[in-house]
Amino acid sequence: MTATADLIALNLCVLTVSDTRTLAEDSSGDYLVQSLADAGHRLAERALLKDDRYQLRAVVSRWIADEHVDGVLVTGGTGFTGRDSTPEALLPLLDKQMDGFGELFRAVSFEEIGTSTLQSRAFAGLANGTFVFALPGSTSACRTAWEKIIRAQLDSRTKPCNLATLRPRLCER
């Protein structure tokens with residue numbers, strides 16, 4: 001596999017999971033929307049939902065069923081409190097888990113927040129040929145994930161390999 005010379009712009013959705021924020025107060029979602037645009041990608045859709053596993057599953061299922069959506073960025077609901085249910089909601093939707101993402105995210109986060117990174121249940125995977133990234137709700141965690149991992153992997157020009165150039169082969173049987 002080789003990287004391309006030109007950027008392949010992806011269609012990405014952003015979902016914020018929060019029981020307390022509104023779209024007007026959603027700095028993490030705002031950061032992701034601005035960052036994906038700055039990287040040359042397109043926002044396909046944005047939503048903010050309460051931490052309810054069935055609502056989360058319904059919205060993300062709709063997005064991964066849409067052949068025009070290349071990826072989903074979810075922020076929030078990955079902690080340990082009683083209401084945090086993003087992993088429980090979305091892991092059953094995945095065809096393949098991207099174990100290295102969560103491991104790498106926690107390793108990179110350790111440099112910033114120390115052992116508090118143990119409280120993160122961030123994960124990523126593939127569902128119906130669509131990338132799904134589940135990040136903590138803090139803007140700083142979203143910034144860490146985007147700047148140190150996701151941005152490069154969604155950039156078709158990243159060498160020696162990246163996720164963007166895999167898109168045509170993700171649903172091979």
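Quick housekeeping. This is a predicted model, so local features need pLDDT of at least 70 and side-chain atom pairs count only at pLDDT 80 or more, while totals for chains, interfaces and linings use all residues. Residues are numbered from 1 along each chain as its sequence is written, and side-chain values use heavy atoms, with hydrogens and water left out.

How many aromatic pairs does a search of the whole structure find? Two. Rings of Phe, Tyr and Trp (its six-membered ring) pair if their centres lie within 6.5 Å; planes under 30 degrees apart are stacked, over 60 edge-to-face, and the rest tilted. Phe101 and Phe105 are a stacked pair, 6.3 Å centre to centre with 20 degrees between the planes. Both sit in helix α4, residues 99–113, four residues apart, which is about one turn of the helix. Helices here are DSSP runs of H or I with at least four residues, strands are runs of E with at least two, and both are numbered from the N terminus.

Then there's Phe133. Its ring centre is 5.4 Å from that of Phe101 and the planes are at 70 degrees, so this pair is edge-to-face. Phe101 is in helix α4 and Phe133 is in strand β6, so the pair ties together parts 32 residues apart in sequence. Phe133 is buried too, with a relative accessible area of 2%. Put together, ring pairs link Phe101, Phe105 and Phe133 into a cluster.

Now, the sheet that β6 belongs to. Six strands form an open sheet with mixed pairing, in the order β2-β1-β3-β6-β5-β4. β2 (42–49) and β4 (96–97) are at the edges with a single partner strand each, so one side of each has no neighbour in the sheet. Two strands pair if DSSP finds at least two bridges between them. β1, residues 11–17, pairs with β2 in the parallel sense over seven bridges; Cys13, for example, has Glu45 in β2 as its bridge partner.

Last stop: charges over rings. That takes NZ of Lys or CZ of Arg within 6 Å of the ring centre and within 35 degrees of the ring normal. Arg121 lies over the face of Phe80, 5.7 Å from the ring centre. And the charged end of Arg143 sits over the ring of Tyr31, at 5.1 Å from its centre.

Definitions and conventions
Buried means under 20% relative accessible area, exposed over 50%, partly exposed in between (1.4 Å probe, protein chains only).
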